[in-house]
Amino acid sequence: MAQSLNTKVDYNGKAIAYLGFPQYGQIMIGDRAFEFFDDRDVEKNMQFPWKSIKVVEGDVTKSFKGEYQIGRQFYVVFANGQKVRFSSKDSGKILRIIRQYIGNDRVVKSKRFTSTITSIFKRRKKED
């Protein structure tokens, strides 16, 4: 049975982790770590202490009315460069809780496909 690293739990809810195939489970956010426990296999768990998390990228879109909406997906980027994608119904609430532990400057918007392409073309113009 897996032991939790947390002593105090701020959030516990259903989520999906995308590591090749989707894994359905529970996210637990607490005072010491971000944890994901698989529903099918108890031994398949991921525990990430707050020190190992470099950045959390949230999927934010702008609607036609001009309102910003937080999507269901977010990415957790680690110090070694590994990136894991999660999705949940309460991703806005999850990002607010994570912000308490790692700080405002490390919770950022993820880059959109169009902004990535335009930045490549801007770099090429500067090089010429």
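Modeller: A residue is called buried when its relative accessible area is under 20%. The model is a predicted one. Within it, F36 is buried, and F86 is buried as well.

Biologist: What makes F34 count as buried?

Modeller: The relative accessibility of F34 is 1%, and the cut-off is under 20%; F34 therefore counts as buried.

Biologist: Why is F48 called buried?

Modeller: F48 has 13% relative accessibility. Buried requires a value under 20%, so F48 counts as buried at its 13%. F48 belongs to strand 4, residues 45-49, where the side chains alternate.

Biologist: Why is the aromatic pair of F34 and F48 called stacked?

Modeller: Seven aromatic pairs are counted by the rule applied here. For F34 and F48 the distance is 6.3 Å centre to centre, with 20° between the planes. Rings pair if their centres lie within 6.5 Å, and planes under 30 degrees apart count as stacked; the pair is therefore stacked. F34 lies in strand 3 and F48 in strand 4, so the pair ties together parts 14 residues apart in sequence.

Biologist: What makes the pair of F36 and F86 tilted?

Modeller: The ring centres of F36 and F86 are 5.8 Å apart, and their planes stand at 50°. Planes under 30 degrees apart would be stacked and planes over 60 edge-to-face, so this pair is tilted. It links distant parts of the chain, with F36 in strand 3 and F86 in strand 7 (residues 83-87), 50 residues apart. F34, F36, F48, F74, F78 and F86 form one aromatic cluster.

Biologist: How do you know that strand 3 and strand 4 pair?

Modeller: Pairing needs at least two bridges, and these strands have five, in the antiparallel sense. Strand 3 and strand 4 form a hairpin with six residues between them. F37 stands opposite N45 in strand 4.

Biologist: What makes N6 count as buried, and which residues does N6 touch?

Modeller: N6, in the segment before strand 1, has 11% relative accessibility and therefore counts as buried, the limit being under 20%. Leaving aside residues up to four places away in sequence, N6 touches M28, I29, G30, D31, R32, A33 and E35. A polar atom of the N6 side chain lies 3.1 Å from the backbone nitrogen of R32.

Conventions
Residues numbered from 1 in each chain as written. Predicted model: local features only at pLDDT ≥ 70, side-chain atom pairs only at ≥ 80, totals over all residues. Heavy atoms only, no water. Buried < 20%, exposed > 50% of the residue type's maximum accessible area, 1.4 Å probe, protein only. Helix = DSSP H or I, 4+ residues; strand = E, 2+ residues; numbered from the N terminus. Phe/Tyr/Trp six-rings, centres within 6.5 Å; stacked < 30°, edge-to-face > 60°. Polar contact = N/O pair within 3.5 Å; in protein donor to acceptor, adjacent residues only side chain to side chain. Contact = heavy atoms within 4.5 Å.
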